[in-house]
Amino acid sequence: MTAAPVTRLLSGLPDRLPGLRALYEDLHAHPELSFQEFRTAGVVAGRLREQGWEVTEGVGGTGVVGVLANGEGPVLLLRADMDGLPVEERTGLPYASRETAVDGDGNTVPVMHACGHDMHVTCLLGTTAQLAAAREQWRGTVVAVFQPAEEIGGAPAMIEDGFLERFPRADVCLGQHVSPAPLGLVGTRPGTVMAASDSLRVRLFGRGGHGSMPENTVDPIVMAAAVVMRLQTVVSREVGAAQTAVVTVGSLHAGTKENIIPDTADLRINIRSTKPAVRDRVLAAVERIVRAEAAASGAPKEPEITGFSSFPVTVNDAEATGTVLSAIAEVLGGERVFTLPEPLTGSEDFGVFGTALGVPSVFWHFGGADPDLFREVDPETLLTDGLPDTIPANHSPYFAPVPEPAIHTGVTALLAAAAHWLCAEGDRARDREEK
């Protein structure tokens, strides 16, 4: 495929960009927590209907699915996620979020688009607008999926809500994610591209009492501190140097007053891995350590360990990935497209769609960070050394993709990838009509 079919799909995009930027800023200023994306879903559904898509709302809770059938041809699934995070924004942007919401535990928390899902929604809506405006250039069916709750695993909820039976079955699934890499760069890899993720809730039980008489208590805070410190040895001492794993204690809550030793301490632990054997080993080690530290402290009750979120490894189909990288390189230039040397330790539930459908899927990342932040960095070292610690990454309160040209890159990448399947069929259809 040459770049010509993609060029036809991209026609008119520059005129659309100001409106897309305004959309992005609006979404950024109004983030919503997982499964609470009611406003966002309404914006998405309204835009899709205006473009001429068949729209279904409330899929898997707050998900939106648009279908555009345009003659015989392949069925393509394009996906964006919609939810924000319980993070207080500190970017200082004029369109920074000031929103709060009540989380699943009943706590009022700040909300921010700290992972770029507002960018993903904007880019997919830009893509759907271009496809709807250029129907004569392609053939097939596009299923545009606006997924809720990616941060806690919303894709399975859509599947469980009859997604496979309710919508055309895709031949390939495509998705993307904005990253803190320099603007204009696009990268992915065949095979495993993102890690699996497992999240655990742990409740440690002690025996509370007065802070002046700790000898009459079993202090769950000391117990929790011992657990946190001992968990740091799992990766350093139980996982091979050539293997990948991450163990993070992201939340620890105990007590209400400085002179009261509480009865319990609650931890939330996240585990990342890229191979099933490593995952099993780390999960077993975490449980062993939690129970052993409780026993060593003389806990009056066994700890409670409950899994509450799990993401599979994200795996890119090798052949389809090569196709997508080539297609994007033909439009953006080969110097802007690269292959990741190793899987990323972040996680995604996008792969759930391809697995459920039994079809190839490809997931890639595109840069959203100001290149000026990388002036002192050799671009070649980014693949081997990672990002400088001065660059705000996803989930940071300072994470803020530069809207332009990030939006242009995201729309272009999606259209370039989609064009390989849709425009090739469109060319064949025009040939048949001419004959």
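Me: What makes β12 and strand β14 (residues 264–273) a pair?
Reply: They are joined in the antiparallel sense over eight bridges. Two strands pair if DSSP finds at least two bridges between them, so eight qualifies. As an example, T248 has N270 in β14 as its bridge partner. A quick caution: this is a predicted model, where local features need pLDDT of at least 70 and side-chain atom pairs pLDDT 80 or more, while totals for chains, interfaces and linings use all residues. Residues are numbered from 1 along each chain as its sequence is written, and side-chain values use heavy atoms, leaving out hydrogens and water.

Me: Why are β12 and β15 called edge strands?
Reply: The open sheet here has four strands, in the order β12-β14-β10-β15, with antiparallel pairing. β12 (245–253) and β15 (304–311) each pair on one side only. Neighbouring strands are turned by 20 degrees against each other on average, direction ignored.

Me: What makes helix α7 (residues 220–238) a helix that packs on this sheet?
Reply: α7 touches β10 (196–205), β12 and β14; contact means heavy atoms within 4.5 Å. Its direction makes about 170 degrees with that of β12, on a scale from 0 to 180 degrees between N-to-C directions of lines fitted to C-alpha atoms (for helices, over the stretch in contact). Helices (H or I, at least four residues) and strands (E, at least two) are DSSP runs, numbered from the N terminus.

Me: Why is the pairing in the eight-stranded sheet called mixed?
Reply: The order is β1-β2-β6-β3-β7-β18-β8-β17, with β1 (54–59) and β17 (337–339) at the edges. Look at β6: strand β2 (residues 63–70) pairs with β6 in the antiparallel sense over seven bridges, whereas strand β3 (residues 75–81) pairs with β6 in the parallel sense over seven bridges. V64 stands opposite F146 in β6, and R79 has V145 in β6 as its bridge partner.

Me: What makes the largest cavity a cavity, and what lines it?
Reply: On a 1 Å grid over the protein atoms alone, a cavity is a set of points where a 1.4 Å probe fits but cannot get out; a pocket is an open set with protein on both sides within 12 Å along at least five of seven lines, and lining residues have an atom within 4 Å of a point. The largest cavity has a volume of about 30 Å³, the space filled by probe spheres set on the points. Its lining is R79, A80, H120, C123, L124, Q176 and L414. β3 and α4 (117–133) give two or more residues to it, and α4 gives the most, with three.

Me: What makes 13 residues lining the second largest pocket nonpolar?
Reply: Ala, Val, Leu, Ile, Met, Phe, Trp, Tyr, Cys and Pro count as nonpolar, Asp, Glu, Lys and Arg as charged, the others, Gly among them, as polar. By that rule the lining divides into 13 nonpolar, two polar and one charged. L373, Y398, A400, P401 and V402 lie nearest the centre of this pocket, whose volume is about 210 Å³.
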